[in-house]
Amino acid sequence: MFNGLSAFPLTPFTPDGDIDDAGFQRLLERLVSAGVDSLGVLGSTGSYAYLTREQRKRVAALAKAQAGTIPMMVSIGAVSTRQVLDLADDAQHAGADGLLLPAMSYQTLTEEEVYGLFDTVSRHVSVPVCVYDNPGTTHFTFSDELHGRIAALPRIGSIKIPGVPAEAAAANARVQQLREKIPATVTLGISGDAFAGLGLNAGCEVWYSVCGGLFPQTAKAITDAAARGDKAQVTALTERLAPLWALFRRHGGSLRVMAAAAGVLGLVSPTCLPRPLKPLSAQDCTEIAAVIEALGLR
């Protein structure tokens, strides 16, 4: 399941702070209709860190009911190992085909502590695990050596890397450097959407995509081009989305922009973010609507 387009949808909230089941289903319908290669449920865009265990169970169950034959990966990130194992059990019970595991912490984690977390989880679960390397939110940075040790554990299936250098030769070197540390059975996936083209052209097998969680046809055109080996088309399609990547940078990441965009499209409430996060301004939403129209995002 760790290849192609893995689409990461929002988990929308109602104004009173509950899960917006209907809005979530509308988001999932777009992904299923587009034929994405997998669903990435409860990732950072899915606001997993803001949800209770019961809410996370509910989101996973809703997603599985919509997914059909599309594989579903569920994030099990939490601060304590006990919580992670409970969430892994819940996700597997809901029908998860894979698990996404970040190295979350309150106290700064050591490499041995992170290795111990993945060792414990990999021996506890019955489905493959994707290593979630996201220093921007977890504040832990994996070394290549640690990635190699973790990738050798049972049930590790993929590594979701946060980005690559912005120059093609350097991106190729970065992917090759990491690939030399990991087994051939473990795929590499690019995230940080602005780096998608560079990562795919450098040999990443999967795009773990925020853009794909709302605009799956747009994102799938890029991964389809990568599957054909059409690097020029991958680059052209990714660079064409520069106005969207600029919005991500301006607003401190993708979450607020994607929430506003989903509101602009009428799929969710304009106030769909978990508190204390606040929605973007009406002026910002007008700009986002203009970008959606200009780029023909769908």
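Modeller: Happy to, and please keep in mind that this is a predicted model. Let's begin with His139, found in the loop between helix 5 (135-138) and helix 6 (144-151).

Colleague: Why is His139 called exposed?

Modeller: The relative accessibility of His139 is 65%. Exposed means over 50%, so His139 counts as exposed.

Colleague: And what is the phi of His139?

Modeller: Phi of His139 is near 65°, a positive value in a residue other than glycine. Leu42 also has a phi near 65°, again positive in a residue other than glycine.

Colleague: Where is Leu42, and is Leu42 buried or exposed?

Modeller: Leu42 sits in the loop between strand 2 and helix 2. Its relative accessible area is 1%; the cut-off for buried is under 20%, so Leu42 is buried.

Colleague: What does UniProt list for Thr45?

Modeller: The UniProt record, an unreviewed entry, lists Thr45 for "binding site". Such annotations may be inferred rather than shown by experiment. In the model, Thr45 is in the loop between strand 2 (38-41) and helix 2 (53-67).

Colleague: Why does Thr45 count as buried?

Modeller: Buried means under 20% relative accessible area. Thr45 has 6% relative accessibility, so Thr45 counts as buried.

Colleague: Which residues is Thr45 in contact with?

Modeller: Leaving aside neighbours within four places in sequence, Thr45 is in contact with Phe8, Pro9, Leu10, Thr11, Val210, Ser254 and Leu255. For each of these, contact means heavy atoms within 4.5 Å.

Colleague: What makes a set of residues a nonpolar core?

Modeller: The residues must be buried, belong to the nonpolar kinds counted, among them Leu, Phe and Trp, and be joined through side-chain atoms within 4.5 Å. The largest nonpolar core here has 98 residues, and those with the most contacts inside it are Phe118, Ile150 and Trp207. Helix 12 supplies the largest share of this core, seven residues.

Colleague: Which residues does Phe118 touch?

Modeller: Not counting residues up to four places away in sequence, Phe118 touches Leu101, Val131, Phe142, Ile150, Leu153 and Ile156.

Colleague: One last thing: which peptide bond is cis?

Modeller: The bond from Arg275 to Pro276 is cis, with omega near 15°. Pro276 lies in the loop between helix 12 (255-264) and helix 13 (282-295).

Terms used
Residues are numbered from 1 along each chain as its sequence is written. This is a predicted model: local features need pLDDT of at least 70, side-chain atom pairs count only at pLDDT 80 or more; totals for chains, interfaces and linings use all residues. Side-chain values use heavy atoms; hydrogens and water are left out. Helices (H or I, at least four residues) and strands (E, at least two) are DSSP runs, numbered from the N terminus. Buried means under 20% relative accessible area, exposed over 50%, partly exposed in between (1.4 Å probe, protein chains only).
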